[in-house]
Amino acid sequence: MSRSPSIPVLQSRRYPDGMSQPTGDVRTDMRAMLTAAGIEVTDEGVERARVQMVKVKARRTPEKLNAMRAKLGMPPLPA
Amino acid sequence: MNGIRPVTLVLDTSAILEFTRQSLHVGEVLTQVDDEGAAAGLPLACLVEAAQAAVDGDRLDLLVGHAATVVLADDPGSWRMLSATYTLVGSFDSAAAALNALDLDASVLTRRPERYANVDNGTLLIALPN
């Protein structure tokens, strides 16, 4: 029995060299998106990133942030 | 695009390019941003610049299409601030990254920290290793 031309042929998305087939939704699942891009993160690496981000954020006092904003002609953030 | 998540991180052109080169560090930071329910901002100028140099445009599509990223367009009314920032950082895309980050109280992820030396007072940048 031949396939009706009105029924579309489903094809899996092709990923170029170095990219992998993800198991989740690449639009909502970060690890699936990264896997599709060929990046495999570890929990330890994500924890290192968290610590790094917290350190930078902790140094950014309102005074220092407003000093940078003033340098660029931006008004100070509301208190 | 996501209008609800707070933007806590801005990727500049160099960070976006590192993502297309499968940078583990960029992946880890993006995962952390997503885990905390936040979003990573992608300034339009940085995306355009990165697209010129990116070997793999499909990875840019993956990045832009994820719910934890948001493309940041510059407000036309901020042109003077952009111009002032350009003077300090030397390029339009870096100016857009810095200005968006300061507007959103976010950090800039970059592999080119030296570009922001005239703006950063040690509280703006997350530098990627070379």
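This is a predicted model: local features need pLDDT of at least 70, side-chain atom pairs count only at pLDDT 80 or more; totals for chains, interfaces and linings use all residues.
Visitor: How many residues does the contact take from chain B?
Guide: Let's look at both sides. Chain A gives 40 residues to the contact. From chain B, the number is 45 residues.

Visitor: What is the area buried between chain A and chain B?
Guide: The size of an interface is often given as the accessible area lost when the parts come together. Here carbon and sulfur atoms give 63% of that area. On the chain A side, Met30(A), Met53(A) and Leu72(A) lose the most area to chain B, together 20% of what that side buries. The whole buried area is about 3600 Å².

Visitor: Which element gives the largest share of the side of chain A that touches chain B?
Guide: Helices H1 (30-36), H2 (43-59) and H3 (62-71) of chain A each give two or more residues to that side. The largest share is ten residues, and its source is H2(A).

Visitor: Which strands stand at the edges of the sheet in chain B?
Guide: This open sheet has five strands with parallel pairing, in the order E3-E2-E1-E4-E5. Each edge strand has a single partner strand, so one of its sides is left without a neighbour in the sheet. The edge strands are E3(B) and E5(B).

Conventions. Residues are numbered from 1 along each chain as its sequence is written. Chains are lettered from A and ligands numbered from 1 in the order in which they are written. Side-chain values use heavy atoms; hydrogens and water are left out. Contact means heavy atoms within 4.5 Å. Buried area is the accessible area (1.4 Å probe) that two parts lose on being put together, summed over both. Helices (H or I, at least four residues) and strands (E, at least two) are DSSP runs, numbered from the N terminus. Two strands pair if DSSP finds at least two bridges between them.
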